[in-house]
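Look over the model before reading on.

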Amino acid sequence: PPHSIPSQPMAKRQSTAGEEGAVQQAASQSAPAGQPAKRGRVAGAAATGPEHVTYRLVDGLRHVEPYDFDFTTHVKQRWIGRSLLEVCACEFVAFPREYYEASIEAGRVTVDGQQVKTGHILRDGERIVHRAVRCRENPVLDRGPIQVVAETEELLVVSKPSSLPIHPCGSYRFNSLIALLRQQGTVEGSAALHTTHRLDRLTSGLVILAKTKPAARRVGAWFAGNQIRKTYLARVRGSFGDLVERARLGASAELPAGVKSTDSGRLRVEGFIRCIDRKVGKYEFCAETPGE
């Protein structure tokens, strides 16, 4: 049966990355003076949320009870001269245009602390804050506490389950690996954990987290220098051997859409990737050009 789990207190300011948020979650630290911010991040931006949330477990899924959340950013160069509504609708596609229009008119999206019209023309240096009321996160798989594989004074190695992002991003903040490690008491709520490599949200496997910045740089250099190798195992549906045999026998008509046999006996796949749900990162393969 469903039951609730209160989370451990978390810092009000959280560094986040990715542009799938309502206005944008980005690094809370600005780039050094005279240097541009890293691509995909906004200098001086931050995301402010509650000190704690409540988790709810239902049918093997971990849900986060709705909470209020502030997305904060400063106007980028490419936004200058454009209307507030246009920027929100075009840059932050996690919500439809109608949502942003209603939020601006209700005062939940402000500029420099003031309520403005949807047609407000953005200027350099202005600060945009979006108060997302009753913010909902996507549920993730729950298979019990996250397993700690190894731990030293500088490193923490854990087994990340599928569906869980490593750090807060997009529609995931408290349903993230680092947040759950704090919630289950693996590390203190105020303890720093630094990512050293990537592992996509839908991919399960080992994740190496560093407890200090020097350790993170050192492990990152090992990955960059190919001193650490990763092996991926893929689960597939059907039998690739059957496809190869059909192609060998000349039964091209029986091959799936988008799969063709070449003169050299190889299989060639041509098609398109269509987005089904941008918020959860769900896509499908299409042999024909997907419709708008």
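Q: Why is Glu-270 called partly exposed?
A: In this predicted model, Glu-270 has a relative accessible area of 35%.

Q: What makes the contact of Glu-270 and Lys-260 a salt bridge?
A: The N to O distance is 3.7 Å. The rule asks for within 4 Å, so the pair qualifies.

Q: Which parts does the pair of Glu-270 and Lys-260 tie together?
A: Glu-270 lies in the loop between strand 16 (267–269) and strand 17 (272–277). Lys-260 lies in strand 15 (residues 259–261), so the parts joined are 10 residues apart in sequence.

Q: How do you know that Lys-211 forms a salt bridge with Glu-151?
A: Their closest N and O atoms are 2.7 Å apart. Lys-211 sits in the loop between strand 14 (205–210) and helix 4 (213–224), and Glu-151 in strand 11 (residues 147–151). The pair therefore ties together parts 60 residues apart in sequence.

Q: What is Arg-123, buried or exposed?
A: Its relative accessible area is 52%. Exposed means over 50%, so Arg-123 is exposed. Arg-123 forms a salt bridge with Glu-126, the closest N and O atoms being 3.2 Å apart.

Q: How many salt bridges does the rule give?
A: The count is 14. Arg-78, Arg-82, Glu-86 and Glu-91 are linked in a network of them.

Methods
Residues numbered from 1 in each chain as written. Predicted model: local features only at pLDDT ≥ 70, side-chain atom pairs only at ≥ 80, totals over all residues. Heavy atoms only, no water. Salt bridge = Lys/Arg side-chain N within 4 Å of Asp/Glu carboxyl O. Buried < 20%, exposed > 50% of the residue type's maximum accessible area, 1.4 Å probe, protein only. Helix = DSSP H or I, 4+ residues; strand = E, 2+ residues; numbered from the N terminus.
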